[in-house]
Each structure stands twice: as C-alpha cells, then as structure tokens.
Amino acid sequence: PIILRDCFTSSVTDMSWSRDGFTMVASSQSGQILVASFTEAEIGPPMALEARKAHLRSLYGADTALGTDGVGGPRNLLIEDPRLAQIQHEQQQRRQLQRTP
C-alpha cells in the first residue's frame with residue numbers, strides 16, 4: 001500500500017519506523033527529512049515482534065532477522081539493496097546445502 005507519495009524532490013535514501021510502529025522517518029538524496037505520524041485507525045496495528053521476525057526471515061533469511069530485543073545487532077543488519085539481499089540469500093542457501101549431510 002502507498003502510505004505517502006510526492007513528499008520529496010529526489011529519491012528516498014533511508015526510511016525507518018519508530019518502535020511503537022506509528023511514526024515513520026525518511027530522508028532523501030536532496031537532504032530533505034520527513035517525519036510522519038499515523039494512528040492505528042490509519043495504518044492498522046503494528047506487527048508483533050515474532051511476526052516481524054518471521055516475515056523478515058521469509059524475505060531475507062535467518063541471518064538478517066531482528067535480534068531478540070527487536071532492534072538487531074551488527075550481525076543482523078538488513079541490506080536495503082535488493083541485489084545485495086539476493087546475493088546474501090544465495091550465500092545463505094549455499095551454506096545450508098554445505099551443512100546438509
């Protein structure tokens with residue numbers, strides 16, 4: 001779903017949600033910053049931590065899932081470039097195949 005559009009004059013470089021799931025912060029190549037606050041009525045309830053972990057694992061693999069605190073540590077960084085995420089996923093699959101007897 002589209003939450004916001006036409007907020008920047010250049011490409012989005014980063015985006016993050018607050019811990020409560022109702023505030024989004026985004027930045028653009030031009031240096032613009034956007035802070036948008038939503039209500040549950042507007043975007044629905046935030047995903048539970050376990051549901052987020054499962055969703056991220058299904059997209060990026062177990063190595064990139066959120067840490068137990070919900071934040072993620074250095075080993076648990078999400079790669080935002082789809083090409084790099086695909087390479088990481090393929091590497092993970094190769095490692096799993098190597099471990100299989």
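Reader: Which residues does Ser28 touch, leaving aside residues up to four places away in sequence?

Author: Ser28 touches Phe8, Ser10, Ser11, Val12 and Thr13. A contact here means heavy atoms within 4.5 Å of each other. Before we go on, please note that this is a predicted model, in which local features need pLDDT of at least 70 and side-chain atom pairs count only at pLDDT 80 or more, while totals for chains, interfaces and linings use all residues. Residues are numbered from 1 along each chain as its sequence is written, and side-chain values use heavy atoms, with hydrogens and water left out.

Reader: Why is Ser28 called buried?

Author: Buried means under 20% relative accessible area, exposed means over 50%, and partly exposed is in between, using a 1.4 Å probe and protein chains only. Ser28 has a relative accessible area of 6%, so it counts as buried. Across the protein chain, 22% of the 101 residues are in the buried class.

Reader: Where does Ser28 sit, and what is the bridge partner of Val12 in E2?

Author: Ser28 belongs to strand E2, and it is the bridge partner of Val12, a residue of strand E1. Helices (H or I, at least four residues) and strands (E, at least two) are DSSP runs, numbered from the N terminus. Ser28 and Asp14 are 14 residues apart in sequence, yet their C-alpha atoms are 7.1 Å apart in space.

Reader: Is Val12 buried or exposed?

Author: Val12 has a relative accessible area of 52%, which is over 50%, so Val12 is exposed.

Reader: How do you know that E1 and E2 pair?

Author: Two strands pair if DSSP finds at least two bridges between them. E1 and E2 (residues 23–28) have 5 bridges, so they meet that rule, and they run in the antiparallel sense. One of the bridges joins Ser16 to Val25 in E2. The hairpin of these strands has 5 residues between them, and Gly21 takes a positive phi near 80° there.

Reader: What makes E2 and E3 a pair too?

Author: They also have 5 bridges, again antiparallel. Among the bridges are Thr23 with Ser37 and Ala26 with Leu34. Their hairpin has 4 residues between the strands, and Gly31 in the turn has a positive phi of about 95°.

Reader: Why do E1 and E3 stand at the edges?

Author: The open sheet has 3 strands in the order E1-E2-E3, paired antiparallel. E1 and E3 (33–37) each have a single partner strand, so one side of each is left without a neighbour in the sheet. Strands of a sheet pair through backbone hydrogen bonds, either parallel or antiparallel.

Reader: What makes Val12, Met15, Trp17 and Ile43 a nonpolar patch?

Author: Patches are made of residues with over 30% relative accessible area and no salt bridge, where like charges are joined within 9 Å and nonpolar side chains (Val, Leu, Ile, Met, Phe, Trp, Tyr) within 5 Å. These four form such a patch on the surface, with about 340 Å² of accessible area together. Accessible areas come from the Shrake-Rupley method with a 1.4 Å probe, and for residues only the protein chains shown count as cover. Strand E1 (residues 12–17) gives the most to the patch, with 3 residues.

Reader: How many helices and strands does the protein chain have?

Author: The chain has 3 helices and 3 strands, following the pattern β-β-β-α-α-α along the sequence.

Terms used
A salt bridge is a side-chain nitrogen of Lys or Arg within 4 Å of a carboxyl oxygen of Asp or Glu.
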